[in-house]
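Open the model in your viewer and keep the selection tool handy.

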Amino acid sequence: MSRFRLTVVLSQAQGKHPERRALEEAIVTGLLGDPRFEVSVIPHVYDLEADHPARLFLTSVRGDLVVLAWLYPRATFWVLDRDGVRGHWGQTRLRSADENHAEHSATEDKTASENNGAQEGQNGRAAQMRPPPPERFIYCLDLRTADNAEPFLAEIHRIYEEAAARAAKRAQAEAPLLELGLRRHLPADRAGIESDAASKRFTPDELLRPPARRWYPVIDYSRCTNCLECLNFCLFGVYSVTADGLIYVNQQDECRKGCPACSRVCPEHAIMFPEYKSPAIAGASFGGIESLKVDLTKLFGGADALRIAAAERDRELIAAGRQAVGMTVGIPKRQAHKPNAPKDDLDQLLDQLDAADL
Ligand code: SF4
Ligand code: SF4
């Protein structure tokens with residue numbers, strides 16, 4: 001019998017939602033007691049501060065990981081990445097709320113995987129500047145996809161089979177080295193791992209310590225080209241660059257709550273605000289959004305994006321007791337030559353999305 005164990009983490013909804021709690025409990029109940037799974041429940045993953053036990057726990061998981069959260073999978077994946085929980089994108093068969101609008105097909109699977117980060121490390125300049133992720137897979141499931149536990153449990157069981165087969169293959173390849181006592185010759189992220197499950201233990205109470213709600217941008221490095229336009233635009237010191245010149249979100253909690261301005265400025269639509277009401281900005285997969293037959297660029301404000309972003313930034317500057325700067329600071333030149341779209345264009349597109357109840 002296989003000793004492989006798969007780590008499954010359920011990230012709870014913010015606040016008290018009886019229906020959401022009921023779904024969370026049904027999923028956990030369906031997995032508890034099954035020796036194949038190491039199940040943990042944590043608060044909303046987006047809210048975890050650096051020293052939160054749940055975040056320390058997540059960074060201690062070395063093998064494949066399934067994370068269920070009330071967020072778009074792409075947002076969950078890159079929130080985890082920012083927290084140091086890195087891996088390859090695990091393709092799932094559960095379609096997120098927006099993705100249900102698209103018919104399931106092999107072509108769409110490819111589109112979704114490319115847009116969700118499966119091409120991570122191959123697209124933009126930023127990805128190439130980063131160290132490659134460890135050889136493990138992170139599967140993110142959106143808890144809004146279904147209102148009962150069965151589809152989630154079925155998908156977790158399918159992922160288990162996939163992950164166990166991969167682990168068995170790896171063990172076969174590593175066996176000769178281990179027999180010779182050459183564990184140290186394994187890749188750094190494999191050496192010393194006795195189990196594919198989590199290595200650090202916390203009590204349920206520690207894991208569930210309630211965090212304060214947070215609001216900050218999350219970068220999808222599979223799309224980012226490191227153009228630094230977000231750094232130039234933000235006047236609140238949220239962004240910074242590493243010693244190698246790579247953009248990153250440094251002062252997360254300096255971001256102004258509710259404001260998504262820089263996501264509209266990013267030319268690659270690489271900036272997400274996972275709690276924002278518009279699916280495109282909240283991290284919906286672009287494959288699903290495209291199925292609505294709307295121009296993705298328009299979902300961020302279209303030709304008006306910079307004007308909208310500047311107005312949102314001004315509002316926050318004034319709220320912080322500072323001077324509004326309008327379009328005079330940090331506005332990229334690239335769209336200056338483009339004519340402005342009619343002012344109601346964005347409104348119509350957002351209405352279309354609202355009507356779709358995404
Ligand atoms: S604006 Fe977008 S593409 Fe440019 S550095 Fe920022 S996140 Fe990356
Ligand atoms: S939303 Fe505003 S404050 Fe927050 S990072 Fe973007 S530009 Fe800066």
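Start by selecting ligand 1 and the residues around it: there are 14, and C224, C227, E229, C230 and C266 come nearest. A residue is near a molecule if its C-beta atom, placed from the backbone, lies within 6 Å of it. Colour this shell by residue type and you get 10 nonpolar, 2 polar and 2 charged residues. In this scheme Ala, Val, Leu, Ile, Met, Phe, Trp, Tyr, Cys and Pro count as nonpolar, Asp, Glu, Lys and Arg as charged, and the others, Gly among them, as polar.

A word on what you are looking at: this is a predicted model, in which local features need pLDDT of at least 70 and side-chain atom pairs count only at pLDDT 80 or more, while totals for chains, interfaces and linings use all residues. Residues are numbered from 1 along each chain as its sequence is written, and chains are lettered from A and ligands numbered from 1 in the order in which they are written.

Next, select N226. This residue sits in the loop between β6 (218-219) and α8 (229-233). Helices (H or I, at least four residues) and strands (E, at least two) are DSSP runs, numbered from the N terminus. Check the backbone of N226: its phi is positive, about 60 degrees, although N226 is not a glycine. Is N226 buried or exposed? N226 counts as buried because it has 21 C-beta neighbours inside 10 Å. The cut-offs are 20 or more other C-beta atoms within 10 Å for buried, 12 or fewer for exposed, and partly exposed in between, with C-beta atoms placed from the backbone.

Now move to ligand 2. Its shell holds 13 residues, the closest being C234, F236, V238, C255 and C262. Helices α9 (261-265) and α13 (305-319) are the elements that give two or more residues to this shell. By type, the shell around ligand 2 divides into 10 nonpolar, no polar and 3 charged residues.

From α9, follow the chain to H269, in the loop between α9 and β9 (271-272). H269 is not a glycine, yet it has a positive phi of about 55 degrees. With 19 C-beta neighbours inside 10 Å, H269 counts as partly exposed.

Time for the strands. Select β1 (residues 6-11) and β2 (residues 37-42), which pair in the parallel sense over 6 bridges. Between them the chain passes through helix α1 (residues 18-31), making a right-handed β-α-β crossover. Right-handed is the term used if, with the strands pointing away from the viewer, the path from the first strand over the helix to the second runs clockwise. Two strands pair if DSSP finds at least two bridges between them.

Within α1, select L31. Why does L31 count as buried? Because it has 21 C-beta neighbours inside 10 Å. Leaving aside neighbours within four places in sequence, L31 is in contact (C-beta atoms, placed from the backbone, within 7 Å) with V8, F37, V39 and I156.

β1 and β3 pair in the parallel sense over 4 bridges, with L65 in β3 as the bridge partner of T7. On β3, both faces are covered: L65, V67 and A69 are buried on one side, V66 and L68 on the other. In a regular strand the side chains alternate between the two faces of the sheet. β3 also pairs with β5 (residues 137-142), in the parallel sense over 5 bridges, and here V67 stands opposite C140.

Then select helix α3 (residues 73-82). Because 9 of its 10 residues are buried, α3 is largely enclosed by the rest of the structure; F77 and W78 are among the buried ones. Just after α3, G84 takes a positive phi of about 90 degrees.

Finish by colouring the chain by pLDDT, the predictor's confidence in each residue, from 0 to 100. The mean is 83, and 73% of the residues reach 70 or more. Residues 101-122 fall below 50, and this stretch has 42 contacts in the model beyond near neighbours in sequence. Residues 336-344 are below 50 as well, with 8 such contacts.

Note on methods. Two residues are in contact if their C-beta atoms, placed from the backbone, lie within 7 Å.
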